[in-house]
Every structure is written in structure tokens, then in C-alpha cells.
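Here are my notes on this model. Please read them with the structure open.

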Amino acid sequence: MDEIKHLISKELQDFESKFADAVKSHVPLLDRIMHYIVKRKGKQIRPMFVLLSAKLFNNNIQESTYHAAAFVELLHTATLVHDDVVDDANERRGFFSINALWKNKIAVLVGDYLLSKGLLLSVNNNEFKALKILSEAVREMSEGELLQIEKTRKLNIKEDIYFEIIRRKTASLLASACAAGAWSTTNNDETTEKMRLFGEKVGVAFQIKDDLFDYGSDKIGKPTGIDIREKKMTLPLIYTLEHATPDIRRRIINIVKNHNTDKERVAEVIELVKKSGGIEYTQQKMFEYRDDALAILHSFPDNEIRAGLETLVRYTTDRTF
């Protein structure tokens, strides 16, 4: 990750300054919350994809690139704030969530504020193509979330539906990040679409990796079984249910539906998934999406930025947290 950041160190520094300016308001309470958010930023993977996707085609990043990167981060942060309210989560990245400190009503309004700032960033600078790209991501993410809620109730998600959910819910934002970055320095529809597809493939691989963490496939010191407790049907579990005997299938569904807070029974489901080959199958699918993304990337001329993007892609599937 340090190697990648070194490639765009100045751009990342400029981005952080511009992002802090982008969230300023005229309300002291909002400014306190924005300061809290900015100080506890995550790995900034999505802005990095925007900046690298722009530099891949033109080493001189445009102001519109920074606007796109800020919009992506504003959108991502807004969805996290809203997700914490929906999930009644009190922590985010090891710190108190916004809703834990300022309650749900304020957290929802903060999420709305962040989204509106992103929209205005594009509108005020007449960057309507970026606005279209990122607004489509908002729609996809909302549809993906609702599709998952609908299907989770019945616990009947098949593999194709799972991929449709994560394509919309997670991959669409990374796809839009790459597309908006590419558009900001090329103004070329064909190149922008190729980078959108590249980002989508990476985004799917990224989410599959997250789903694997729930089964302790990496020694990361994080609790396992969270998705099972939340009745989320991810690929390791879907594969296991599709290949299990009727008795085992009924037992797993019963545990997920009725005993998903029982640690011992959740651990039993995790063990059944591991024995079924669900982990290996899921890893294979993750690497397929990663390799598809790299194939698209390799259609562009080789340079240090392309190499940096490839390293970032590999990081998404090799990371341990």
C-alpha cells in the first residue's frame, strides 16, 4: 500500500485538503462531526482508484479529478453513516459511530448532508458526466441493498442473485470511481466504460474477500460468523447449501433462521462450510474476477501507474483486514 501511495503522494495530499474543504458547513455541530469523520478516515481505497485511473491516461491530474475523488469519498462516507444507523452499529473502524455519539436522527441528516455536498460539487463545477456516473452508483447501491433485504427474508439466494447483489451494492461504487477518474482526464466514452467495467470486477473481488473474512479464512483476529448472525447469504454459504444433503441443508437453514445468535451453532455452520469446499470455491471465484480486472487493465499501455493499479487490485484480494 505504501508503494502505491508513493506514486500519488502529492495528489493524495491535495485530495485530503480539498476533501476537508468540501465538507465544511456554516453549522458548528456539523463542523464538529465533519472534523470527527475526516480525522478517522479509512484506507481511502476509492479515492486512490479515482486518482490512479485519471493518471493512467494523463499524468497531469485535472481539478475535476479531485472533485470526482471527493464525491466518491463523500458518497462512500454517507453510505457508511446510514449503514450504521440501519444496522444499529456503535462502532466503525474501531471508533464510535456517528449514531453512537450523536444519535440516529443526526446521523441520518449527516449522511444526507454528505450526499448533497457531493452532488453540489459536480453541479457547481458543471461536471455533469461525473454526476451521471456517480448518481447511477447511488441508484445501484440502493437497489442492491433492498434486493439483499428482500432475498434474506426467504434465505433462498442463488449464486446469480448473490453476484447481482454485490455488483450493485459494493462494486458499483468502485466502478464509478474508476469511470469518473478516467473521464476526468480523457473525456472518452469508450475508455471510461472500460475503466468502469475494470472497477466493477475489482469491486466484486473486494466484496468476496470481505465475505471470506467471516469464515476465518485469514488469521486476522476479527470475530467470525457476523454475516451468519445477520442472516446474510454469502457465497461460501450459498455453495454449501447447494451441495449439501437435504438433512444438512435443513439443519443449516434452521440455525441461520432460528439460532443465529448461538455461538456454538454458528461455529457449526462455519465448520460445515469449510468441510463442503465452500471456502476454496469462493476463493476461486474471487481470483477469476481479479484476473478479469487485470486483463482489462493490461489492454492499456504499460507504465508505473498501470503497475500501481495492478498492485492495488492485488491488494484487494490479498489483504488481511
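**Notes on two sites**

1. Glu 11 sits in helix 2 (residues 9–22); helices are DSSP runs of H or I, at least four residues, numbered from the N terminus. The model is predicted: local features need pLDDT of at least 70, side-chain atom pairs count only at pLDDT 80 or more, and totals for chains, interfaces and linings use all residues. Residues are numbered from 1 along each chain as its sequence is written, and side-chain values use heavy atoms, with hydrogens and water left out.

2. Glu 11 is buried, at 11% relative accessible area (buried means under 20%, with a 1.4 Å probe and protein chains only). Setting aside neighbours within four places in sequence, Glu 11 contacts Leu 51, Lys 55, Ile 61 and Tyr 66 (contact: heavy atoms within 4.5 Å).

3. Thr 316 belongs to helix 15. Thr 316 is buried too, with a relative accessible area of 0%. Beyond four places in sequence, Thr 316 touches Val 202, Phe 206 and Lys 209. A polar atom of the Thr 316 side chain lies 2.5 Å from the backbone oxygen of Val 313.

4. Thr 316 and Val 86 are 230 residues apart in sequence. Their C-alpha atoms are 26 Å apart in space.

Definitions and conventions: Helix = DSSP H or I, 4+ residues; strand = E, 2+ residues; numbered from the N terminus. Buried < 20%, exposed > 50% of the residue type's maximum accessible area, 1.4 Å probe, protein only. Polar contact = N/O pair within 3.5 Å; in protein donor to acceptor, adjacent residues only side chain to side chain.
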